[in-house]
Amino acid sequence: MLEPVLSIRGLSKTYASGLQALKPLDLDIARGEIFALLGPNGAGKTTMISIVCGLVTPTSGTVTADGHDIIRDYRGARRKIGLVPQELHTDQFEAVRDTVAFSRGLFGCPPDPGRVEQVLRDLSLWDKRDTRIRELSGGMKRRVMIAKALAHDPQILFLDEPTAGVDVELRRDMWQLVRRLREGGVTIILTTHYIEEAEEMADRVGVISRGELILAEEKTSLMRKLGKKALTLQLAEPLAVLPAELAEWKVELNDGGHALHYEFDAKADRTGVPSLLAKLRDLGIGFTDLNTHQSSLEEIFVSLVSERKD
Amino acid sequence: MSGFNAHGVWAIYRFELHRFRRTLWTGLAVPVITTSLYFIVFGAAIGSRMAEIDGVDYGTFIVPGLMMLSLFTESIFNASFGIHMPRFTGTIYELLSAPLSAFETVLGYVGAAATKSMIVALVILATANLFVDVHIAHPLLMIAFLLLIAATFCLFGFIIGIWAKGFEQLQVIPLLVVTPLTFLGGAFYSIDMLPEPWRTATLFNPVVYLISGFRWTFFGTADVGVWVSLGATFAFFLACLGIVWWIFRTGYRLKA
């Protein structure tokens, strides 16, 4: 990898309670890439981000951000980093513009109303510049938090669950913003529960589970592995046994004969779905409902992790 | 890259003063009304029956004590609330992730809190002047003492704001410790007026030294020597500074 902008070596965290939130972890993030960190709740994503940003003291290991050690040269490192935490923590009584200007100052930058205006415009907040934060909707507050994180022009931006509980429109906006930032040379590390989000945006995906980084690879190769989908048909009449004619599709009979379950590779040229449906019609097997389901990331983690344990 | 983050300190200082400005009128009306009440009760009603203390009439005598009483409570309240609020709302994440040293963070918060409590103390002085004629023997030393005590109690308030687990706890120390110690520390009387053993017992109350020293800057007379007072005040200041240093060193209630 060319000159990583963020370099993590042997980073671990054991809390005073004895909980090992992060097992020794190595990770390099390339300059200008979008890295999605996936993992179930409590996997250690937020702990890792919190250490890099200075909110949590590591038990062991080192991190350098754009060449600055996050502990020995914390000023240099932190000036390069912007953080948008998961929870909406805002100063309710402050006006939007003031809170963004405050963040800029906090990170050691001289006042620059023009730059603050630009950040607010980029996030469609300019019309709300004099509004108090408590009068804003949840989605708008999320934008304010991003604006605050961008006010000092960071090189590395952490977005912790940026689209959790966010409406579709804002999610689209967020994705566009992330791409624009990347075009401007900003490296972005985001955590998410949503596979589509990683699929849509990330160059590389890391999977973290139980405090362990279990893989970090290019999105395209990962998507091939995770491309399984399942089709479930609710039958009009329950079946006692599976007709022999369906053996070709490896379907399963579930729910006491009320449902048919078929797993297929969504990325394959021939998924087998149309032919299966045609065969059912030929056999006179009616169904009342149909849905397809992509294995959730949580399910994939569970299987990934249990595979490793076996 | 290193060097003093002056923009960061200024951002915190301005943020805190902005918070005070939002409640400016109540913030100033309260000390004015409270001081007036004290003067009506202690100055006019009771004070007229009191003898002079060290050649100072009673109404004038209580002015430094009144200023101290408000300075203590204001300093603790402003500083503890200032740092407790971000912990409560969660916005502390930004402070912890900013390129600020412990010294810079404390300078911003304590500086702003001390500014406000000094303004309140001076408003009380101005209000008192409407009731009695206050002559200040050592005005520069008075300001210096005011500044040192404000800084000390703001540091103390900062510690309480970090230690407190909720808003109730913010009130506990000021109400249960500082206010009683101030009332018993000679805010409204000279400790020479007390019979033994209470007079000696009072010397273990640190607030006695603060009030006595401050009163000396007004009248040139005091219960205890001014250098003893100054030394005690400075020792308290250093103790608070030491605890704040320890808080940032260990991340106590700030970092996991």
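Modeller: Let us begin with the search itself, which is run on a 1 Å grid over the protein atoms alone: a cavity is a set of points where a 1.4 Å probe fits but cannot get out, a pocket is an open set with protein on both sides within 12 Å along at least five of seven lines, and lining residues have an atom within 4 Å of a point. This is a predicted model, in which local features need pLDDT of at least 70 and side-chain atom pairs count only at pLDDT 80 or more, while totals for chains, interfaces and linings use all residues, and side-chain values use heavy atoms, with hydrogens and water left out. Residues are numbered from 1 along each chain as its sequence is written, and chains are lettered from A and ligands numbered from 1 in the order in which they are written.

Colleague: Which residues line the largest cavity?

Modeller: From chain A the lining takes Asp91(A), Phe102(A) and Leu106(A), and from chain B it takes Phe15(B), Pro86(B), Thr91(B), Ile92(B), Glu94(B), Leu95(B) and Tyr109(B). The space in this cavity is about 90 Å³, where a volume is the space filled by probe spheres set on the points, and grid points are joined across faces, edges and corners. Over the whole structure, the search finds three cavities of 30 Å³ or more.

Colleague: What makes up the lining of the largest cavity by class?

Modeller: Ala, Val, Leu, Ile, Met, Phe, Trp, Tyr, Cys and Pro count as nonpolar, Asp, Glu, Lys and Arg as charged, and the others, Gly among them, as polar. By that rule the lining of the largest cavity has seven nonpolar, one polar and two charged residues.

Colleague: What is known about the largest pocket, and which residues lie nearest its centre?

Modeller: The largest pocket has a volume of about 990 Å³, and among its 39 lining residues Ser101(B), Ala102(B), Phe103(B), Phe248(B) and Arg249(B) lie nearest the centre. Helix 5 of chain B gives the most to this lining, with eight residues, and the classes are 29 nonpolar, seven polar and three charged.

Colleague: How many residues line the second largest pocket?

Modeller: There are 23, of which Asp98(A), Ala101(A), Phe102(A), Ala11(B) and Arg14(B) lie nearest the centre, and the volume is about 500 Å³. Helix 1 of chain B brings the largest share of this lining, nine residues.

Colleague: Why are strand 1 and strand 2 of chain A said to pair?

Modeller: Two strands pair if DSSP finds at least two bridges between them. Strand 1 (residues 4-14) and strand 2 of chain A have seven bridges in the antiparallel sense, and they therefore pair. Leu11(A) has Leu25(A) as its bridge partner in strand 2 of chain A, and Pro4(A) stands opposite Ala30(A).

Colleague: What makes strand 2 of chain A an edge strand?

Modeller: Four strands of chain A form an open antiparallel sheet in the order 2-1-4-5. Strand 2 (20-30) and strand 5 (68-69) of chain A are its edge strands, as each pairs on one side only.

Conventions. Helices (H or I, at least four residues) and strands (E, at least two) are DSSP runs, numbered from the N terminus.
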